[in-house]
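Please walk me through this structure, with the cut-offs behind each term.

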Amino acid sequence: MSTVAFAAIAILTLAAALAAATLQKLMHAALSFAVMFVGISAFFFLLGAEFIGLVQIFVYIGAVAVLIVFTILLTRHDAEKVRGFNWSGVIVAVAVFAGLGWAISKTKSLSIVPQQIQPVTVQRIGELLMTNYVWPLLCVGVLLTVALIGALILVMEEKS
Amino acid sequence: MLSGRAPDWVIQAASSLLNIVALLGVFLTLFALISVLERKILGRMQNRYGPNRVGPFGLFQPVADGIKMLIKEDIVPARADKIVHFLAPVLIAATAILSLGVIPYGRNMTPFIIDGGILFFFAVGSTTELAVFMAGWGSNNKFSMLGAMRAIAQMISYELPLIITVLPVVMIVGSLNPDKIVAGQSNYSLGVVPHWFVFTPWGAVAFVLFFVSGLVESNRTPFDVPEGESEIVAGHMTEYSGFKYATFFMAEYIGMFAISGLGVTLFLGGWHAPIHFLEFIPSYVWFFVKLSILLFVYIWLRGTLPRTRVDQIMNFAWKFMLPMAFTCVIAAAVWHYIGRGLRGWLWSLAVIAVVYFTLSILLDSRRKFAPRTYRFAE
């Protein structure tokens, strides 16, 4: 069951990623990128990490995909222009893939069979965030507030 | 019992299918019903009859409308992006229906039980923005794009107060599971006063804020600038006709049901009866009674209020809704730590009152009465 699900999700994710890399129109590429995010969140669900899966949808589709799409819309006037094939990009991608693959194959923990672990519940994550990781959480909060205020200042009307 | 006869996955698939069929059956019927009821109620408010030709009291109007929509010609603009244009209504309907899945409709009647149900609701809901964008961009029409921009701007702005008003409930219950939130409101004082969150000061304020944000999220009347027909034809739905338009229409209503259902679950005690001895009436009846009351308020507001301006909506979101939503979080914490009795109730009310009056004075004194300045896109 889960092998079939894994294969289906993997095919969907890879196809969407490939489409994002090769589609002619930039907007289509951005939308297939969003499909790929759905695939990745499906992987998290399959692994029992539903919180991360949901946050993946929340952040990457609700925010990042919308941001990408808007950026394309607002900045490029040639969004319809046919994209050329970028060989240097291919070389970099292959190099990164090879590097990562080599690093993963050298990892010692790969051969260790994980013991059956409890799926992490939302409650457990909340408890940890509020106890052990409360300072990092607060720092992230401050950082995001700074970003928000910065964005507001950037778009504020100049008073003459 | 059944597991002796059928393999596990068959049972799983069958139970999922049952859930889906029941959910679609109930809510599509409700959609048909509410579409005619809305027109009847609006007619009553505007001193006219409303639909009364098809069937008794015009009750078969949705059937006629459905047939009309199905056999209408489906027009796709020549310059439109065919695939994106087609996928937008599909995605918007799918997300609307998915978000119905996590709401508990009655005792043991949650179609899709998930630990982070509330989070699932909002995660799925946030996908709607992308669907609206696809509709606007795929149509290759200026009005569509403008409508989509307006829709996304107000959806993103109001998603913040919407989610933050849910926070106090999650804090008090200590769970994101809708079933546990309903269970957290299951007690009664003296057998008559239910412990619904709407009866606490923070809950009442959060419920009103939640309801207003829900109005915006479902693009309903006081906040329906994305489809302001006097300005931009029909917004992102301009280039849709026939059944695709009907799908958008349906998604809007299903979204309304979903957000009202969540409001009932979070603040109005879910499927619990208002008085303890009335619990013998089936739980789902209570849920749908509460849901219908909320839906009636939606229609009532549509018959009463004029459309707001875009800048008014945005100012309201960031200057009033957001600070009040944060105040609800603090007031809920005060209520919890002072003790959930009368003292906590009063202190929590005091916190909200102080912020409310400060905010109203601040916003009022800054108001300048001067001719409006217009800015145009270049």
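The model is predicted, so local features need pLDDT of at least 70 and side-chain atom pairs count only at pLDDT 80 or more, while totals for chains, interfaces and linings use all residues. Residues are numbered from 1 along each chain as its sequence is written, and chains are lettered from A and ligands numbered from 1 in the order in which they are written.

Chain A has six helices and zero strands (DSSP runs numbered from the N terminus: H or I of at least four residues for helices, E of at least two for strands). Of the 160 residues in chain A, 14% are buried, meaning that 20 or more other C-beta atoms, placed from the backbone, lie within 10 Å of the residue's own. Among contacts in chain A with a separation of 6 or more, 55% link residues 24 or more positions apart; a contact requires C-beta atoms, placed from the backbone, within 7 Å.

Between the chains, the contact takes 19 residues from chain B and 17 residues from chain A. On the chain B side, helix 4 (residues 117-138) gives the largest share, eleven residues.

Within chain B, helix 1 (residues 8-45) and helix 10 (residues 283-304) pack at an angle of about 45°, their axes 10 Å apart. Axes are lines fitted to C-alpha atoms, for helices over the stretch in contact, with angles from 0 to 180 degrees between N-to-C directions. B:Ile34, B:Glu38, B:Ile41, B:Leu42 and B:Met45 of helix 1 meet B:Leu295, B:Ile299, B:Arg302 and B:Gly303 of helix 10.

Conventions: Contact = placed C-beta atoms within 7 Å. Buried ≥ 20, exposed ≤ 12 C-beta atoms within 10 Å, placed from the backbone.
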